[in-house]
Amino acid sequence: MTRPVCLITGASAGIGAACAILAAQRGYDVAINYNSDRAGAENVAQAAIAAGARALIVQADVSDPDAIAAMYREVDAFGPLDALINNAGIVGQTARVTDLTFARLRQLFDVNTIGAILVAKEAVLRMEPRGKGVIINVTSAAARLGSANTYVDYAATKAAMDIFTKGLSDEVAASGLRVMGVAPGIIETAIHAKGGDPDRAARNAPNVPMQRTGSAEEVAKAILWLMSDEASYVTGSTLNVTGGR
Ligand code: NAP
């Protein structure tokens, strides 16, 4: 029996890696997208194969439309797309709005918003003719909270994805597609160090009602639930996975 195919962008590390491994364990064949961390993607592919899945590793910078097109050509050869976890994302260095530059804003919106919308568009083009498919946009609690004095620009890129999730879901619901957002809170991944603040997660744990950070695996479980038939009447909404934050 053929297994459904799931594309996960930004699957070489963190939440995307956890999603790819859990999707493989739950019966998907996985297309593992990465940008720069080939070794990370290979580790994830090994874990997916060990779980019984086929695994495709596909390099693409999602801020580059030509790279997105090339990525989908490889995915199409791998198998018909059933699910997209639209996860690749970046933060800038911790800064106030008065320190933001055009180049930084351009890069953040190109990856987190424009790239993510184009990746979703290509998924819809493949799913609508088949009358089925699930898209999960990984947004952020920052879209609600604003991330003052840290990365307001990042929060804005993710708020755009929350409303994109609602609009796209309305557009494709009658075609049999479901589109949801998952908004993680403070999750233990390398993204905080990449933003120049490696202690951010631990420092913010006391501000979380549950008094702790979350793990990438906990976010992946919420995403895989939304993708499953258990969530068959859910679309258009964004689920907070934030420990109550
Ligand atoms: P992470 O550990 O830094 O992983 C980010 C992943 O995105 C990596 O696989 C990276 O690939 C990939 N990526 C970055 N830029 C890319 C590009 N231009 N094209 C393709 N892939 C790219 O981060 P994470 O914490 O798992 O974050 C995953 C998602 O969750 C992001 O959208 C993030 O905004 C969101 N999120 C995270 C948190 C948190 O606290 N961790 C909270 C809320 C939302 P390479 O390393 O190969 O370049």
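## Contacts, cores and ligand shell of a predicted model

Setting aside neighbours within four places in sequence, Asn112 is in contact with Ala88, Gly89, Ile90, Tyr154, Thr157, Lys158 and Met161, where contact means heavy atoms within 4.5 Å. The structure is a predicted model, in which local features need pLDDT of at least 70 and side-chain atom pairs count only at pLDDT 80 or more, whereas totals for chains, interfaces and linings use all residues. Residues are numbered from 1 along each chain as its sequence is written, and side-chain values use heavy atoms, with hydrogens and water left out.

Asn112 is found in helix α4 (residues 102-127); helices (H or I, at least four residues) and strands (E, at least two) are DSSP runs, numbered from the N terminus. At 2% relative accessibility, Asn112 counts as buried. Buried means under 20% relative accessible area, exposed over 50%, and partly exposed in between (1.4 Å probe, protein chains only). The side chain of Asn112 makes a polar contact with the side chain of Thr157 at 3.1 Å. A polar contact is a pair of N or O atoms within 3.5 Å; within protein, one must be able to donate a hydrogen and the other to accept it, and residues adjacent in sequence count only if both atoms are side-chain atoms.

Asn33 lies in strand β2 and counts as buried, with a relative accessibility of 1%. The side chain of Asn33 reaches the backbone nitrogen of Gly10 at 3.0 Å, and a polar atom of that side chain lies 3.2 Å from the backbone oxygen of Val58.

**The ligand shell**

The ligand is surrounded by 33 residues, of which the closest are Ser12, Asn87, Tyr154, Thr189 and Lys194; a residue belongs here if one of its heavy atoms lies within 4 Å of the molecule. These shell residues divide into 16 nonpolar, 13 polar and four charged. For this division, Ala, Val, Leu, Ile, Met, Phe, Trp, Tyr, Cys and Pro count as nonpolar, Asp, Glu, Lys and Arg as charged, and the others, Gly among them, as polar. At least two shell residues each come from α1, β2, α6 (152-172) and α7 (191-194). The largest share, three residues, is that of α7.

| Residue and atom | Ligand atom | Distance |
|---|---|---|
| Asp61, side-chain N or O | nitrogen | 2.8 Å |
| Lys158, polar side-chain atom | oxygen | 2.8 Å |
| Gly185, backbone N or O | oxygen | 3.3 Å |

Taken alone, the ligand exposes 900 Å², and the protein buries 95% of that. Accessible areas come from the Shrake-Rupley method with a 1.4 Å probe; for residues, only the protein chains shown count as cover.

**Nonpolar cores**

The largest nonpolar core has 39 residues, and those with the most contacts inside it are Ile85, Ile223 and Met227. Such a core is a set of buried Ala, Val, Leu, Ile, Met, Phe, Trp, Tyr and Cys residues joined through side-chain atoms within 4.5 Å. At least two of its residues are supplied by each of several elements, including β1 (5-8), α2 (38-50), β4 (81-86), β5 (133-138), β6 (177-184) and α9 (216-227). Not counting residues up to four places away in sequence, Met227 touches Cys6, Tyr28, Ala83, Ile85, Val134, Ile136 and Arg178. A second, separate core has 30 residues, among them Ile68, Ala88, Ala123 and Leu168.

**Further positions in helices and loops**

Ala222 is placed in helix α9 and counts as buried at 13% relative accessibility. Leaving aside neighbours within four places in sequence, Ala222 is in contact with Leu239 and Val241.

Val152 is in helix α6 and is partly exposed, with a relative accessible area of 32%. Beyond four places in sequence, Val152 touches Val97, Gly146 and Ser147. Val152 and Leu125 are 27 residues apart in sequence and 32 Å apart in space, C-alpha to C-alpha.

Most residues other than glycine have a negative phi. Asn149, in the loop between α5 (142-145) and α6, has a positive phi of about 65 degrees. Gln211, in the loop between α8 (200-204) and α9, likewise has a positive phi, near 65 degrees. At 52% relative accessibility, Gln211 counts as exposed.
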